[in-house]
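This report describes selected elements and residues of one protein model. Please consult the sequence and the coordinates alongside the text.

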Amino acid sequence: MDTAAPSPAVAISIDLEEYFQVEVMHGVVERGQWEHMPARAEAATDRLLAVFGEAGAQATFFAVGWLAERQPQLLRRITTAGHEIGCHSYGHRPVFGLTPAEFAEDTRRAVGVIEDAAGMAVRGYRAPNFSIRCDGSMDWAFDTLAANGFEYDSSV
């Protein structure tokens, strides 16, 4: 009799962004400085891809469009390894700080560069800092995501 426990189902997602793009760095590293900051996401992601490959695990990488535009080869390695690419905005700005028009433009721009870099359609979205509120005041954001063809949202 085989008494080994079945392997658990594991779901993992990664926010693919540079360290200087996180909200805690706002005011420390201005957006105009991003181009001049040392990039670290690629090396860290390559380490994750190696670990996931050894474990036979698959993940969703929610990519910032700004990074995808500058490192398309990284997104292509992720998809070649069999992982999903999702959208994590273009400029990593909290959605509650954007107008509906600004959010629509950020989302449209992000989808274009991410899909070009990844070579595949994006199905999922995750707002920076989980910044879509679910109190009914931001339903316009979900409408924008649906209009851009997203099948799911991982923002809340």
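With which side chain does the side chain of Ser-154 make a polar contact? The partner is the side chain of Arg-126, at 3.0 Å; a polar contact is a pair of N or O atoms within 3.5 Å, where, within protein, one must be able to donate a hydrogen and the other to accept it, and residues adjacent in sequence count only if both atoms are side-chain atoms.

## Basis of the report

The model is predicted, and local features need pLDDT of at least 70, side-chain atom pairs count only at pLDDT 80 or more, and totals for chains, interfaces and linings use all residues. Residues are numbered from 1 along each chain as its sequence is written, and side-chain values use heavy atoms, with hydrogens and water left out.

Ser-154 belongs to the segment after strand 5 (152-153); strands (E, at least two residues) and helices (H or I, at least four) are DSSP runs, numbered from the N terminus. Ser-154 counts as buried because its relative accessibility is 19%, the cut-offs being under 20% relative accessible area for buried, over 50% for exposed and in between for partly exposed (1.4 Å probe, protein chains only). Leaving aside neighbours within four places in sequence, Ser-154 is in contact (heavy atoms within 4.5 Å) with Phe-62, Tyr-125, Arg-126 and Phe-130.

Tyr-125 is located in strand 4 (residues 124-125) and is buried, with a relative accessible area of 0%. Its C-alpha atom is 19 Å from that of Thr-45, and Tyr-125 and Thr-45 are 80 residues apart in sequence.

Thr-60 of strand 2 is the bridge partner of Ser-13.

## Packing around helix 3

Helix 1 (residues 41-55) packs with helix 3 at an angle of about 10 degrees, the axes being 11 Å apart. Axes are lines fitted to C-alpha atoms, for helices over the stretch in contact, and angles run from 0 to 180 degrees between N-to-C directions. Helix 1 is therefore roughly parallel to helix 3 (angles under 35 degrees count as roughly parallel, over 145 as roughly antiparallel, 65 to 115 as roughly perpendicular and the rest as oblique). Helix 1 contributes Ala-41, Glu-42, Thr-45, Asp-46 and Leu-49 to the contact, and helix 3 contributes Gln-73, Leu-74, Arg-77 and Ile-78.

The axes of helix 3 and helix 4 (residues 100-118) cross at roughly 60 degrees and come within 7 Å. This contact involves Pro-72, Leu-75, Arg-76 and Thr-79 of helix 3 together with Ile-114, Asp-116, Ala-117 and Ala-118 of helix 4.

Gln-71 lies in the loop between helix 2 (65-70) and helix 3 (72-80) and is buried, with a relative accessible area of 10%. Its side chain makes a polar contact with the side chain of Glu-18 (3.5 Å). Neighbours within four places in sequence aside, Gln-71 is in contact with Glu-18, Ala-39 and Glu-42.

Ala-141, in helix 5 (residues 139-147), is buried at a relative accessible area of 0%. Not counting residues up to four places away in sequence, Ala-141 touches Val-95, Phe-103 and Ile-132.

How values were computed:
Two strands pair if DSSP finds at least two bridges between them.
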